[in-house]
Amino acid sequence: MSTLFAEQCRKVVCIGRNYVDHILELNNARPTAPFFFLKPPSSMLVPGAGPILAPTGVNCHFEVELALVMGKTVKDFESKGKDPVVALKEVVDCLSGYAVGIDMTGRNVQDEIKKKGLPWTTAKGFDTFLPISYFIPKEKVPDPSNVTLFLSVNGKTMQHDSTNLMMWKIPELLTAISSVMTLQPGDVVLTGTPKGVGSVVPGDHIDAHLEVDGEVVEESKISVDVANKGGIYAFGAN
Ligand code: MG
């Protein structure tokens, strides 16, 4: 099992608010078009690389997501008006494979910067804020629009929903992103999180994975602890 893709990644593009029940649980406005933000590749935490590090004073939320790993350069990907099956096949042709990612979010940091109209970078970009699984070969995921994401905290299931609940489907996500920025081989696209997000604190343990037809995909398993970050940053200290 490989994590080479994480070293080759030049950007991580994350879709926000793509599952209705997740939008409702955070009282967010429903967007009228897909929107996205970036996480730095330095936030990636591959299996065995240690715990998620919770910065002082930060309310750390988990968001389990299906990650697409780009295999080709994609610019201006056309999906509008296309047969959805054809469009999805064209997307899959552009991928090298998949992964499971946990888009860790400093929720109180995000709430404050949203109020101020500032970018989400701090809330999303801390080191270790993207636990990512091993690379999942394409053939393990026959239909990425119909797989199940799972996340538990200390053995209690928190998120368990199908990617068929996405508001914007995978081809539309690629159109939205690639109309703005070129996707390059190795880039990772996080496709949004289903309902059930919540907080973790140091001492907690997170397990996550992908299920295909009820079977857990071995490469997709994430098993990670949460610990104190220490360091200079402290939320609300200035
Ligand atoms: Mg997310």
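Modeller: A helix here is a DSSP run of H or I with at least four residues, and a strand is a run of E with at least two. On that basis the protein chain has 6 helices and 17 strands. Keep in mind that this is a predicted model.

Colleague: What makes the radius of gyration of the protein chain agree with a compact globule?

Modeller: The globule rule is 2.2 Å times the number of residues to the power 0.38. For 238 residues the rule gives a value near 18 Å, and the protein chain has 17 Å, so the two agree. The C-alpha trace spans about 50 × 40 × 30 Å along its principal axes.

Colleague: How many of the contacts in the protein chain between residues at least 6 apart in sequence join residues at least 24 apart?

Modeller: The share is 81%. Buried residues make up 51% of the 238 residues. The chain exposes about 10600 Å², with 53% of that supplied by carbon and sulfur atoms.

Colleague: What makes Glu63, Glu65 and Asp103 donors of the magnesium ion?

Modeller: A donor is an N, O or S atom within 2.8 Å of the metal. The OE atoms of Glu63 and Glu65 and the OD atom of Asp103 lie 2.0 to 2.1 Å from the magnesium ion, so they qualify. Water is not among the atoms, so the site may look incomplete. In sequence the donor residues are spaced E-x1-E-x37-D. Glutamate 63 and glutamate 65 are both buried.

Colleague: How do you know that glycine 57 touches residues beyond its sequence neighbours, and which ones are they?

Modeller: Contact means heavy atoms within 4.5 Å. Not counting residues up to four places away in sequence, glycine 57 touches Asn108 and Phe235. Asparagine 108 is 51 residues from glycine 57 in sequence, with 8.8 Å between their C-alpha atoms. Glycine 57 itself lies in the loop between strand E4 (52-54) and strand E5 (60-62).

Notes: Residues numbered from 1 in each chain as written. Predicted model: local features only at pLDDT ≥ 70, side-chain atom pairs only at ≥ 80, totals over all residues. Heavy atoms only, no water. Buried < 20%, exposed > 50% of the residue type's maximum accessible area, 1.4 Å probe, protein only. Areas by Shrake-Rupley, 256 points an atom, 1.4 Å probe, with all protein chains shown as cover. Donors = N, O, S within 2.8 Å, 3.2 Å for Na, K, Ca; no water.
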